[in-house]
Amino acid sequence: MKKEIHRHLDGEIVPDALAREDLEIVDEWDRMLASFQRAAPLGDAPPWLEQRVMAEIDALPERASLQRFLAWIVLPAPIRVSPLAAGIVAAGVVLALVLPGRGAVQTDSAPVAGGAVEVVYVQFLLEAPMATSVAVAGDFTDWQPTFTLEDLDGDGVWSGRIPVRPGVHGYMFLVDETEWTTDPNAGRYQDDGFGNRNAVLAIGTSG
Amino acid sequence: MSPVERTDAQVVRDVLSGDRDAYRLLVRRYGDVLHGHALRMTGNTDEAADLVQRAFVKGFKKLANCREPDRVGAWLFRILANFCKDHVRSPRRSDVSMTILSGALTSGSDPVSDAESAEIRTRIWEALDALTPEQKEAFVLKHVEGRTYEEIAAVMDLSVASLKMRVHRAREALKGLLEEYA
């Protein structure tokens, strides 16, 4: 499709500026875009929405106690950890991060010959109590923040199970759509060539 | 000052001060806009309402993180838009065509033209559903909801250039898809 046609559809140039043969294409597009608008479903929010939202909000714990809980997470407090205990905890974190999904409902984890799996569902976790959104981007998403994590219970821990093919992958979290954040609990890291560190995820095949 | 006169920023401040009930003002102000977008992204009224409910509840939980309380509507919209994209990406979502089709069949009095328009609607929405979630979102906001690039960029916190690229790619993909169906 010609650039001029896009520019016209973007409202940047008037039809008079187009070549004769392009006008027919533009007419066709105008008809199609009008069809999209006519075909679009319309509908205001159902009347019960407000009641349901407020009922769910009323069932949440009081904000004061929630704030105290968040403050408890956010405020620094000294802890003493022996090197041995730290090593055991770190190993546990790595295992949790690379744990293959069990009973996942996604269908593209179909087994292939040799018992290997095409994708493994990886549980990603990030503690970010002040975030409004957390997404995961890595070489398995072409570095697009394609998958968003959830914090459904509002405890500040964002999580999600994401399909990743076996191999060694770099990844980062994108917090609030702007802040690239390295996973503090990754087992390995690599320089990204721009002065930051990517977390590294290694997934082996089971076959 | 009566509740209806409160600005968004005042409502946000009241909610954060403990007046939970004030949050219903935001639900009333933005419920229809959010639901309309969710409906156009999912094609299903039940799923749209569920996504909007989740977005409002999440917005309440994270309200302290809203950096521009006077633009809380745009902030809530971004939360919903992320839910919608994840939902569109999900393989578990229900078939959209039935909802669209049933709406089309009750749209007029001529059974023949109604059937034709139903077929066209189904074809159009199947093509839209074949786009990536980001392309679909950009196309819906631009060409179905009729927003300007500047409006979309402000709401979605993206550059106009990025948005244009998404819309251009969506048009190219739709052109190919609709030619396949023709």
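**View 1. The largest nonpolar core has 53 residues.** Those with the most contacts inside this core are B:Ala38, B:Val52, B:Ala55, B:Leu76 and B:Leu80. A nonpolar core here is a set of buried Ala, Val, Leu, Ile, Met, Phe, Trp, Tyr and Cys residues joined through C-beta atoms within 7 Å; buried means that 20 or more other C-beta atoms lie within 10 Å of a residue's own, with C-beta atoms placed from the backbone. The helix α4(B) gives the most to this core, ten residues; helices are DSSP runs of H or I with at least four residues, and strands are runs of E with at least two, numbered from the N terminus. Domain 1 (3-89) and domain 2 (97-181) of chain B both contribute residues, so the core lies between them; the domain bounds come from an automatic or database domain assignment.

This is a predicted model: local features need pLDDT of at least 70, side-chain atom pairs count only at pLDDT 80 or more, and totals for chains, interfaces and linings use all residues. Residues are numbered from 1 along each chain as its sequence is written, while chains are lettered from A and ligands numbered from 1 in the order in which they are written.

**View 2. Meet the neighbours of B:Leu80.** Leaving out residues up to four places away in sequence, B:Leu80 touches B:Leu34, B:His37, B:Ala38, B:Leu51, B:Val52 and B:Ala55. Touching, or being in contact, means that two C-beta atoms, placed from the backbone, lie within 7 Å.

**View 3. Here chain B meets chain A.** On chain B, 43 residues are in contact with 34 residues of chain A. The helix α2(B) supplies the largest share of chain B's side, ten residues.

Conventions:
Buried ≥ 20, exposed ≤ 12 C-beta atoms within 10 Å, placed from the backbone.
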